[in-house]
Amino acid sequence: MSAILSSGCCDTPSGPLLAIGEKDPTASGREIRTVALIGPPNSGKSTLFNRLTRLRQKVGNYPGVTVEQRVGLLAGGGHKIRIVDLPGVYSLTPYSDDERVAVDVLTGKMDGMPRPDAVLLVLDVTHLSRHLVLAAPVIALGLPTLVLLNMADVFAKGGGSLDVLKLAKELGAPVAMVSATQETGLDAVNRFLRQEHSQGLPALLPVLQDLPQSRKWASQVGRRIDYRQHLPSAWSRRLDDVFLHKIWGPVIFLLVVGAVFQTVFGIGQPMSNAFQDLLTKLGQQAAPFIPAGLLRSLVLDGLWKGVSSVLVFLPQILLLFFFIGLLEDSGYLARAALIADRTMRGVGLNGKAFIPLLSAYACAVPAIMATRTIENKRDRIATILIAPFMTCSARLPIYTLLIAAFIPDRPVIGVFLGARACAMLSLYVLGFLVAIVTAKLLKSSVLKSAASPFVLELPEYRTPTWHSIGLRLLDRGKVFVRQAGTVILAVSLLVWVLTNLPLHNGRVPLLEHSAIAYLGHGIEPVIRPLGFNWKIGVGLLTSVIAREVIVGTLGTIYGVDPATHSLTLQNALHQDLTFAGAMALLVFFAFAMQCTSTLAVVRRETNSWKWPVVQFVYMTMVAYVAALVVNQGLSMLVK
Amino acid sequence: MLPALIVTVREGAEAALVDLERGETGTIQRISLPAAEQQFLMRIGFVPGVQVRFSRRAPLGDPSVYSVDGTEIALRAETARHIMVQRDLVQRDLVQRDLVQRDLVQRDVVQRGGVAAAGDLP
């Protein structure tokens with residue numbers, strides 16, 4: 001049975017878009033319930049997965065290894081079909097965790113996962129010589145396999161061509177030309193999966209362990225199917241002549257980076273603030289509808305506050321991801337990484353860490369999510385671990401408060417740089433320096449990269465599509481709200497309970513008599529050497545939700561509203577903090593990991609509690625020691 | 001249709017990939033790195049017998065971009081130093097010409113280096 005199943009969508013010079021190879025017609029058919037999606041890295045597999053599932057997917061972890069497990073449901077009518085997105089692999093020789101997972105899933109050896117009934121093999125048709133190598137071992141597994149040649153649009157546009165029918169015959173499997181980004185040819189997938197499949201005889205394909213041998217086979221196949229390589233567009237080369245120019249390259253790089261940064265701060269910050277005000281107002285509007293007392297306090301100060309502190313990050317996160325998406329989809333991100341690599345190498349990281357680390361100056365959460373572009377796992381974890389040292393915008397409220405309260409407004413270098421600006425700048429530098437030292441430490445010890453040289457693929461320049469960027473924003477936004485949201489909500493509720501218990505004659509206690517105040521008193525002996533008393537201690541405890549919370553807490557403790565009486569708060573602070581103590585508190589905030597969202601996202605991105613715990617302990621230790629040194633040192637100097 | 005361009009590749013001296021000049025091509029001979037790194041580089045396309053072109057240097061001098069299988073891949077000098085290639089003499093002459101000519105050469109190079117002829121190379 002050799003039949004053409006589809007034609008239409010886009011015109012490739014070679015004719016039919018889906019062709020089916022030889023199959024044994026006598027074997028009994030069966031319905032497909034689970035299908036595995038496999039392909040090499042950069043084959044467009046994730047985009048295809050998102051398109052096929054329309055983001056109806058669950059993200060988890062494979063047992064025993066830190067390999068992400070993505071499972072989704074195929075969109076469209078008919079019975080439910082689960083799609084398992086396997087990690088990107090070049091071969092089925094189990095060298096890495098990724099390949100081991102892929103092999104285990106495909107052979108049905110993975111715990112808690114039935115053997116897939118079919119396989120979708122995604123190959124980038126513009127790099128067929130390299131990607132075809134994966135086809136032999138995958139098809140030889142004997143599962144019904146549909147080979148999807150992705151990037152068909154780019155391939156056809158560049159004058160590439162091949163005989164799809166011949167390829168299907170060579171591989172003994174149906175082949176379809178698709179474009180995940182343009183969403184063309186995807187109906188072939190549905191048709192393939194909704195069809196009854198016979199457990200046909202596996203095609204006789206050479207499964208070679210030796211790569212040069214496999215490549216020889218691939219090139220022979222290439223010749224038999226009249227494969228004609230597409231011509232990379234001359235545009236990409238011309239653009240690179242500018243973007244990677246010796247002088248213009250770095251200049252444009254700095255301009256782009258500066259513009260992104262400026263926009264995120266210039267628009268993102270006010271947007272976040274306005275959003276915060278809106279959320280607070282909404283809470284106040286709702287207040288009369290909730291019976292006064294403990295319930296209202298629980299709903300507004302506990303639940304709503306928790307929800308708002310999650311949502312308030314959204315404008316900045318989405319804005320940053322909009323820019324990162326724009327840079328990534330256009331192809332410029334890879335060029336930026338190329339330019340930054342020389343500098344990043346000094347700290348043992350690579351150029352791909354640059355944009356994530358830069359984003360961390362706005363907020364560590366999107367920065368950590370943006371590290372997905374770093375393929376090297378150790379480099380990625382190192383980047384995740386140092387990102388929160390960058391001075392994020394949540395540190396600014398406490399920085400501004402303490403600097404205004406304790407540092408006199410004196411000029412340091414003429415009129416250009418005052419003492420206050422100087423203090424602020426040193427805090428930025430301090431965070432950066434500790435990040436570099438930490439990176440060096442990590443990269444020369446636990447996270448020393450073994451055996452994977454830095455490689456960076458420069459994709460062709462493309463016009464980003466709203467659709468693709470929109471989908472990504474939706475995905476990242478969802479992940480953040482769901483993952484960080486649940487943890488933050490839990491922590492906010494805990495803090496609320498601690499602030500409102502134990503009840504005093506059936507009433508909410510004053511803050512001094514609450515459980516959290518006892519905890520503050522409890523940690524006082526530990527933080528006294530830093531120059532902090534129990535009130536600051538309470539502030540430190542509540543600020544585990546998010547750094548800026550300390551300002552509100554201190555305001556509550558001193559019985560003043562921070563928005564209107566910040567001057568009074570500044571004066572009040574003088575009663576509890578010496579100059580040395582205030583500086584110690586600043587330094588503490590520069591280093592400590594007081595951000596539940598970040599911890600939640602680190603857990604999500606590293607797929608284990610190990611790294612967020614390590615990060616929390618390490619950062620707290622650094623913060624403690626640094627604050628201790630500052631307080632003790634300055635106290636001695638002042639005496 | 002584009003006129004066919006017949007290129008006979010004469011073998012030149014052996015050199016490290018990093019030492020090629022801009023626009024010059026060579027055929028990969030061997031990768032003198034530990035097995036794991038060798039595997040890694042081969043998977044992304046740096047397979048012995050395949051043709052590589054030195055595309056350009058990054059603005060700060062390193063890494064450099066190489067064209068292999070029609071893909072532009074950047075490698076640091078510390079890696080490219082260990083990939084040994086045989087210089088292709090003819091290619092070097094042709095790429096000196098104007099842009100149109102260069103496109104023709106590239107198509108040919110890409111085809112030879114890619115699926116079409118990797119197995120046929122000496």
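This note covers strands, helix packing and the chain contact in a predicted model.

1. **The contact between chains A and B.** Each chain contributes: 40 residues come from chain A and 40 residues from chain B. On the chain A side, the elements giving two or more residues are helices H3 (128–131), H8 (211–224), H9 (234–243), H10 (248–286) and H13 (332–344), together with strand S14 (455–458). H8(A) supplies the largest share of that side, with 9 residues. By class, the chain A side holds 20 nonpolar, 11 polar and 9 charged residues.

2. S14(A) deserves a separate look. It pairs with strand S5 of chain B (residues 71–75). The two run antiparallel, over 4 bridges. One residue pair to find on screen is A:Glu457, whose bridge partner in S5(B) is B:Ile73.

3. **Strand S2 of chain B.** S2(B) pairs with strand S3 of chain B (residues 51–57) in the antiparallel sense, over 3 bridges. There, B:Thr27 stands opposite B:Gln51. S2(B) is also joined by 5 bridges to strand S6 of chain B (residues 83–88), again antiparallel. In that pairing, B:Ile31 has B:Ile83 as its bridge partner.

4. **Strand S4 of chain A.** S4(A) covers residues 34–38 and is mostly covered, with 4 of its 5 residues buried. Its pairing with strand S7 of chain A (residues 82–85) is parallel, over 4 bridges. A:Ala36 stands opposite A:Val84 of S7(A). S4(A) is joined to strand S8 of chain A (residues 118–124) by 4 bridges, and these two strands run parallel. Here A:Val35 has A:Ala118 as its bridge partner in S8(A).

5. **Helices H21 and H22 of chain A.** H21(A) takes in residues 534–542, and H22(A) residues 549–557. Their axes come within 8 Å and cross at roughly 140 degrees. Angles over 145 degrees count as roughly antiparallel, so H21(A) is oblique to H22(A). The crossing is right-handed. From H21(A), the contact uses A:Lys535, A:Val538, A:Gly539, A:Leu540 and A:Thr542. H22(A) answers with A:Val549, A:Ile550, A:Thr553, A:Leu554 and A:Ile557. By class, this contact has 6 nonpolar, 3 polar and 1 charged residues.

6. **Helices H24 and H26 of chain A.** H24(A) runs over residues 579–591, and H26(A) over residues 610–638. They pack at an angle of about 160 degrees, with axes 8 Å apart. That angle makes H24(A) roughly antiparallel to H26(A). This crossing, too, is right-handed. H24(A) brings A:Phe579, A:Ala580, A:Gly581, A:Met583, A:Ala584, A:Val587, A:Phe588 and A:Phe591. These meet residues of H26(A) that include A:Met619, A:Val622, A:Ala623, A:Ala626, A:Val630, A:Asn631 and A:Leu634. The contact counts 15 nonpolar and 3 polar residues, and no charged ones.

Note on methods:
Residues numbered from 1 in each chain as written. Chains lettered and ligands numbered in written order. Predicted model: local features only at pLDDT ≥ 70, side-chain atom pairs only at ≥ 80, totals over all residues. Axes fitted to C-alpha atoms, helices over the stretch in contact; angles between N-to-C directions. Parallel < 35°, antiparallel > 145°, perpendicular 65-115°, else oblique. Left-handed = near helix turned anticlockwise from the far one by under 90°. Contact = placed C-beta atoms within 7 Å. Nonpolar A, V, L, I, M, F, W, Y, C, P; charged D, E, K, R; others polar. Pairing = 2+ DSSP bridges. Buried ≥ 20, exposed ≤ 12 C-beta atoms within 10 Å, placed from the backbone.
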